[in-house]
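Here is a short tour for someone meeting this structure for the first time. Keep the model in view while reading.

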Amino acid sequence: MSNSQVIVRPLAASDETSWRSLWTAYLAFYETTVPEEVYASTFARLLGEDSQDFSGFVAELDGKIVGITHYVFHRHCWKIENVCYLQDLYALPEARGKGVGRALIEAVYAAADDAGAPGVYWMTQEFNDTARQLYDRVGKLTPFIKYTRP
């Protein structure tokens, strides 16, 4: 990959093959898989018009899709406006360090601003050191600890 400019654009129906490959790699990083029905449902929701649906962006370098992000707006008990949850962010290993992750996060920030959402938040695993180096530059680490149902 050259030092080309990162192009970020909304996910399109024609991106399904590239999206599927990137999302599979993302899920593998987190040591998980999902059934085919979840791939189909997620992609349909990413392209859906329901306000509860996720939205997505892709990042391109030299005409190749090298990164994805998924985000959703939702209500918040402490705010009148919706907030934005950035659920998934992934860049191909060979595209890292080229501004792909930052460009995708900034696109989500812009979408949140356009929607009047005052906050954007996301989570990562503690061991995700490479991504956390970027996150420490574009976000603020919070003291919250996540719990899930056993």
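## Naming the elements

Helices and strands here are DSSP runs: a helix is H or I with at least four residues, a strand is E with at least two, and both are numbered from the N terminus. By that naming, G63 is found in the loop between strand 2 (55-61) and strand 3 (64-74). The model is a predicted one.

## Overall build

The protein chain holds four helices and five strands. Read from the N terminus, their order is β-α-α-β-β-β-α-β-α.

How does the chain's radius of gyration fit a compact globule? For 150 residues, such a globule would have a radius near 15 Å; the protein chain has 15 Å, so the two agree. The C-alpha trace spans about 45 × 35 × 35 Å along its principal axes.

Buried residues make up 36% of the 150 residues. Take the contacts with a separation of 6 or more: 61% of them come from residues 24 or more positions apart. The chain exposes about 9,700 Å², and carbon and sulfur atoms supply 52% of that area.

## The largest pocket

The largest pocket has a volume of about 950 Å³. Its lining counts 23 residues. Which of them lie nearest the centre? They are Y121, W122, M123, K140 and T142.

Strand 5 (120-121) and helix 4 (129-138) each supply at least two lining residues. Helix 4 gives the most, with three. By class, the lining has 11 nonpolar, six polar and six charged residues.

## A buried aspartate

D15 sits in the loop between strand 1 (7-10) and helix 1 (16-29). Is D15 buried or exposed? Its relative accessible area is 4%. Buried means under 20%, so D15 is buried.

Which residues does D15 touch, beyond those up to four places away in sequence? The list is R9, P10, F43, V58 and I65.

## The loop between strands 2 and 3

Two residues of this loop stand side by side in the numbering: D62 and G63. D62 has a positive phi of about 50°, although it is not a glycine. Most residues other than glycine have a negative phi. D62 is partly exposed, because its relative accessible area is 48% and the exposed class starts over 50%.

G63 reaches 69% relative accessibility, so it counts as exposed. From G63 to T24 is 39 residues in sequence and 20 Å in space, C-alpha to C-alpha.

## Another positive phi

E31 lies in the loop between helix 1 and helix 2 (36-46). Its phi is near 55°, a positive value in a residue other than glycine. E31 has 76% relative accessibility, so it counts as exposed.

R96 belongs to the loop between strand 4 (83-91) and helix 3 (100-115). With a relative accessible area of 39%, R96 is partly exposed. That value falls between the 20% and 50% cut-offs.

What does R96 contact, leaving aside neighbours within four places in sequence? Its partners are Y90 and A91. R96 and T130 are 34 residues apart in sequence, yet their C-alpha atoms are 9.1 Å apart in space.

Methods:
Residues are numbered from 1 along each chain as its sequence is written. This is a predicted model: local features need pLDDT of at least 70, side-chain atom pairs count only at pLDDT 80 or more; totals for chains, interfaces and linings use all residues. Side-chain values use heavy atoms; hydrogens and water are left out. On a 1 Å grid over the protein atoms alone, a cavity is a set of points where a 1.4 Å probe fits but cannot get out, and a pocket is an open set with protein on both sides within 12 Å along at least five of seven lines; lining residues have an atom within 4 Å of a point. Grid points are joined across faces, edges and corners, and a volume is the space filled by probe spheres set on the points. Ala, Val, Leu, Ile, Met, Phe, Trp, Tyr, Cys and Pro count as nonpolar, Asp, Glu, Lys and Arg as charged, and the others, Gly among them, as polar. The radius of gyration is taken over C-alpha atoms; the globule rule is 2.2 Å times the number of residues to the power 0.38. Buried means under 20% relative accessible area, exposed over 50%, partly exposed in between (1.4 Å probe, protein chains only). Contact means heavy atoms within 4.5 Å. Accessible areas come from the Shrake-Rupley method with a 1.4 Å probe; for residues, only the protein chains shown count as cover.
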